[in-house]
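Visitor: Walk me through this model, please. I would like to start with a helix and then turn to the charged side chains.

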Amino acid sequence: MPPNTCPPSPPAPIFNPSPSPSTPHFTFTEIPSSSLPLLPLLFRHFKQAPAILRYLRALSNLRACTLQPLSVLYRPTSSDSYGRLYCSPLGAQKLPKILRSLLFGRTHYEVDLTGSHYQLFSRLADTLLQLPLPSVVDLRALLREDMIATSSDFLVHHSTAPKDLPTILLNSTLGDTITHFNSLGYYPSFQVLAALRAIYHAKPRVLASIEHRFGKRTLSTLTSANRPFHLLEHVETLWLKHFATYLCQHADVASLIWLHDGVWLSPLPPPAC
């Protein structure tokens with residue numbers, strides 16, 4: 001069962017967090033919602049997956065015939081201590097989504113940042129440089145409409161293209177992005193090309209401003225090609241840290257699973273939160 005999804009709400013102003021959060025790691029409780037009788041089936045199905053079996057055993061309280069909550073530590077694993085947080089050593093974050101849904105989907109709600117990397121990029125362009133770029137919602141709508149105009153069945157074969165294109169553009173060149181989508185049968189209109197050019201030409205200034213505000217990545221594997229991803233990954237984690245901290249301070253969060261661009265949590269915070 002998939003997690004419940006929060007109703008959409010208007011986008012909030014871009015966050016402006018501290019570039020050096022005081023808390024490098026977090027610990028949250030995970031409370032499963034499935035029943036114990038499901039576990040034997042899961043143990044048999046995942047018998048060749050040692051990591052999943054360890055997690056299922058950690059959830060099982062066979063003496064009490066119940067599933068028990070887990071306390072899960074999340075911490076950075078990169079050499080510069082920036083970027084995404086990962087559960088250590090066990091956590092629902094590492095489970096296949098279908099299994100996570102089986103164990104937690106009845107009671108948990110999914111709250112995430114739509115098109116996280118592009119959304120952060122465009123909002124920080126406005127916040128740091130007063131440089132207006134299309135919002136993630138407007139850009140996806142523009143791309144969807146243009147792709148349908150190109151070919152009525154294009155989205156039937158490439159349903160994720162409107163959300164994939166902005167991410168590919170951030171991590172590639174404009175020419176390579178257009179060539180890739182040309183190969184799929186999509187030829188952007190002049191209106192879309194103008195929007196994509198504006199985003200691409202803004203990249204050097206926006207990324208430099210993000211580095212100045214939030215710090216440079218110092219990974220040994222950092223290259224000009226993967227710099228946008230790793231830099232936006234760092235900002236994404238800062239956003240999620242501040243979001244999770246706010247939730248825990250203003251709502252009664254009993255269970256929280258940390259993902260990379262959002263959380264699964266239970267119960268759902270009140271609308272005023």
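Visitor: Which residues of helix H3 (residues 97–104) are buried?

Guide: Keep in mind that this is a predicted model. The cut-off for buried is under 20% relative accessible area. In helix H3, the buried residues are Leu 99, Arg 100, Ser 101, Leu 103 and Phe 104.

Visitor: What covers the buried residues of H3?

Guide: Both helices and strands contribute to the cover. On the helix side, it includes H1 (39–45) and H2 (50–59). The strands include S2 (26–30), S8 (255–258) and S9 (262–266).

Visitor: How many salt bridges does the structure hold?

Guide: A pair counts when a side-chain nitrogen of Lys or Arg lies within 4 Å of a carboxyl oxygen of Asp or Glu. By that cut-off, the number of salt bridges is five.

Visitor: How far apart are the closest N and O atoms of Arg 84 and Glu 233?

Guide: The two residues form a salt bridge. This pair links distant parts of the chain, 149 residues apart: Arg 84 is in the loop between strand S5 (70–76) and strand S6 (85–88), and Glu 233 is in helix H10 (residues 227–250). Their closest N and O atoms are 3.9 Å apart.

Visitor: Is Glu 233 buried or exposed?

Guide: The limit for buried is under 20% relative accessible area. Glu 233 has 8% relative accessibility, so Glu 233 counts as buried.

Visitor: Which residues are linked in a network of salt bridges?

Guide: Arg 84 forms a salt bridge with Glu 233. Glu 233 also forms one with Arg 217. The linked residues are Asp 80, Arg 84, Arg 217, Glu 233 and Glu 236.

Visitor: What is the relative accessible area of Arg 227?

Guide: Arg 227 forms a salt bridge with Glu 211, the closest N and O atoms being 2.9 Å apart. Glu 211 is in helix H9 (residues 190–214), Arg 227 in helix H10. Glu 211 counts as buried, at 14% relative accessibility. Arg 227 is partly exposed, at 25%.

Note on methods
Residues are numbered from 1 along each chain as its sequence is written. This is a predicted model: local features need pLDDT of at least 70, side-chain atom pairs count only at pLDDT 80 or more; totals for chains, interfaces and linings use all residues. Side-chain values use heavy atoms; hydrogens and water are left out. Helices (H or I, at least four residues) and strands (E, at least two) are DSSP runs, numbered from the N terminus. Buried means under 20% relative accessible area, exposed over 50%, partly exposed in between (1.4 Å probe, protein chains only). Contact means heavy atoms within 4.5 Å.
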